[in-house]
Amino acid sequence: MRALVWDGTGLYVDSTIEVRSPGPGEVAVDIAMAGLCHSDISPMEGRIPQPTPTILGHEAVGVIAAAGPGADVPVGQRVVLTVLRRCGECRHCREGRPNLCPASGLPVASPFSRDGDIVHQFVRLGAFAERIVVSQEQVIAMPAEIPDPVAAMLGCATVTAFGAVEDRARLRAGESVLVTGAGGIGLNTVLAARAAGAGRIVVVDRNPAKEQIARTCGATDFIIPSDPSQIAPAVQALVPGGVDAAFECAGHTGLLDAAIKSLAGGGRVVVLGLPPTGATLDLGVRDLFHDKSLLGCRMGSVDPHRKLPDLAERVLRGELDLTPLVSAVVPMEGAAQLVDDLRNGRIDRGFLRVGSAS
Ligand SMILES: [Zn+2]
Ligand SMILES: [Zn+2]
């Protein structure tokens, strides 16, 4: 089959990749479309250690092609993937918090190979491939009416952002918000803040070209800092006393520091962007006085098996329009250009057409 392989130096389409059959509790999924997330670029930049050759991609929609022994997802079912390979039995899984399951992030044996040699998979997925084998815990049914790119985005950027706003920060109507980083997660966070009835929504990004899409999503103010130290004073000038919730979406400790300094009393900062391995913060602990909170957030701090169907319903009811974020849909051969466009802020969310439409 065809898959997009990262060999440590370049991305190329390889038509000699093999994928094994699903084992107990596993399913094979024919991928229709996969989004390009910043996390997929992190291994290329050395921000996430990843053995090569590897198949990247983790935000995807497809159709169940085969089910292994004991798997009860019907063949032909349209599904969205999740990186969380929950065990289903631990305390966290039983409490509906699979993002805390110790097993959910462990590496598993890759289903991919080439000439008998292993080809690795990224974050227990590897969705830039025509077929993938995953645990049935990693697939969530998706209504047919939702377009492929929107369905794919729901599985990572959207569920993460809406979970962060609604479930982690528990944003209330009228509260003010700061979002640092207007990429796919950041813009989904702006949409979620607007959906939650936020008052002021201040967005920060170095790229002036992001202002228009940020405002389309619901930003009321847009700051282009030349240095992170300018952010907190600018936010305080716009929202006297500071914001009620801040979402750091760029994985940048300077922005995290600025977000903490931008908080009002009772405010909370949610860490959404993945910082580089080993990154540290010089935290002035006094900055957290007045009931301020610094909150980690993995995959939106939600159970995707509950949150995704809820988000899909809201899309179908017309409450949620994610289409402005769909910037480009290209074949797998266009991946290198798409990566370059994402790195340079020319697109919001780009998608690879991997197989036929689902
Ligand atoms: Zn992602
Ligand atoms: Zn578990």
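This report covers the annotated domain, selected helices, backbone exceptions and a few single residues of a predicted model.

## Annotated domain

UniProt, in an unreviewed entry, places the feature "domain: Enoyl reductase (ER)" at residues 8-347.

## Helix H3

Helix H3 covers residues 148-168. The helix is kinked by about 60 degrees, and the kink is centred on Leu154. H3 is mostly covered, with 18 of its 21 residues buried.

Just after H3 comes Arg170. Its phi is positive, at about 50 degrees.

## The H6 and H7 pair

Two packed helices are described by the angle between their axes and the distance between the axes. For H6 (residues 231-238) and H7 (residues 253-261), the axes come within 8 Å. They cross at roughly 35 degrees. The crossing of H6 past H7 is right-handed.

H6 brings Ile231, Ala232 and Gln236 to the contact. H7 brings Leu255, Ala258 and Lys261. By type, the residues of this contact are four nonpolar, one polar and one charged.

An α-helix has 3.6 residues a turn, so residues three or four places apart point the same way. Leu255 and Ala258 in H7 both take part in the contact with H6. On the H6 side, Ala232 and Gln236 both take part in the contact with H7.

Is Ala237 buried or exposed? Ala237 is exposed, because its relative accessible area of 62% is over the 50% cut-off. Ala237 and Gly57 are separated by 180 residues in sequence. In space, their C-alpha atoms are 40 Å apart.

Gly254 is a residue of H7. Gly254 is partly exposed, with a relative accessible area of 22%. Asp282 is 28 residues away from Gly254 in sequence. The C-alpha distance between Gly254 and Asp282 is 9.5 Å.

## Backbone exceptions

Most residues other than glycine have a negative phi, and most peptide bonds are trans. The peptide bond from Thr52 to Pro53 is cis. Its omega is near -5 degrees. Pro53 sits in the loop between helix H1 (38-41) and strand S5 (54-55).

His290 is not a glycine, yet its phi is positive, near 65 degrees. His290 lies in the loop that runs between strand S16 (263-271) and strand S17 (293-296). Met299, also not a glycine, has a positive phi of about 50 degrees. Its loop lies between S17 and helix H8 (304-316).

Met299 is buried, at 16%. The cut-offs are under 20% for buried and over 50% for exposed.

## Gly265 in strand S16

Gly265 is in strand S16. Its relative accessible area is 54%, so Gly265 counts as exposed. What does Gly265 touch, not counting residues up to four places away in sequence? It touches His290 and Lys292. His290 is the positive-phi residue described above.

Gly265 and Ala152 are 113 residues apart in sequence. Their C-alpha atoms are 37 Å apart in space.

## Leu36 in strand S4

Leu36 is in strand S4, which runs over residues 26-36. Leu36 counts as buried because its relative accessibility is 4%, under the 20% cut-off.

Which residues are in contact with Leu36, leaving aside its neighbours within four places in sequence? The contacts are Phe128, Leu338, Val339, Leu342, Arg349 and Gly350. Leu338, Val339 and Leu342, three of these partners, fall inside the span 8-347 of the UniProt feature. Arg94 is 58 residues from Leu36 in sequence. The two are 31 Å apart in space, C-alpha to C-alpha.

How values were computed. Residues are numbered from 1 along each chain as its sequence is written. Chains are lettered from A and ligands numbered from 1 in the order in which they are written. This is a predicted model: local features need pLDDT of at least 70, side-chain atom pairs count only at pLDDT 80 or more; totals for chains, interfaces and linings use all residues. Side-chain values use heavy atoms; hydrogens and water are left out. Axes are lines fitted to C-alpha atoms, for helices over the stretch in contact, and angles run from 0 to 180 degrees between N-to-C directions. Helices (H or I, at least four residues) and strands (E, at least two) are DSSP runs, numbered from the N terminus. A crossing is left-handed if the near helix is turned anticlockwise from the far one by less than a right angle, and right-handed if clockwise. Contact means heavy atoms within 4.5 Å. Ala, Val, Leu, Ile, Met, Phe, Trp, Tyr, Cys and Pro count as nonpolar, Asp, Glu, Lys and Arg as charged, and the others, Gly among them, as polar. UniProt positions are given in the numbering used here, feature names are shortened, and annotations may be inferred rather than shown by experiment. The bend at a residue is the angle between axes fitted to the seven residues ending there and the seven starting there. Buried means under 20% relative accessible area, exposed over 50%, partly exposed in between (1.4 Å probe, protein chains only).
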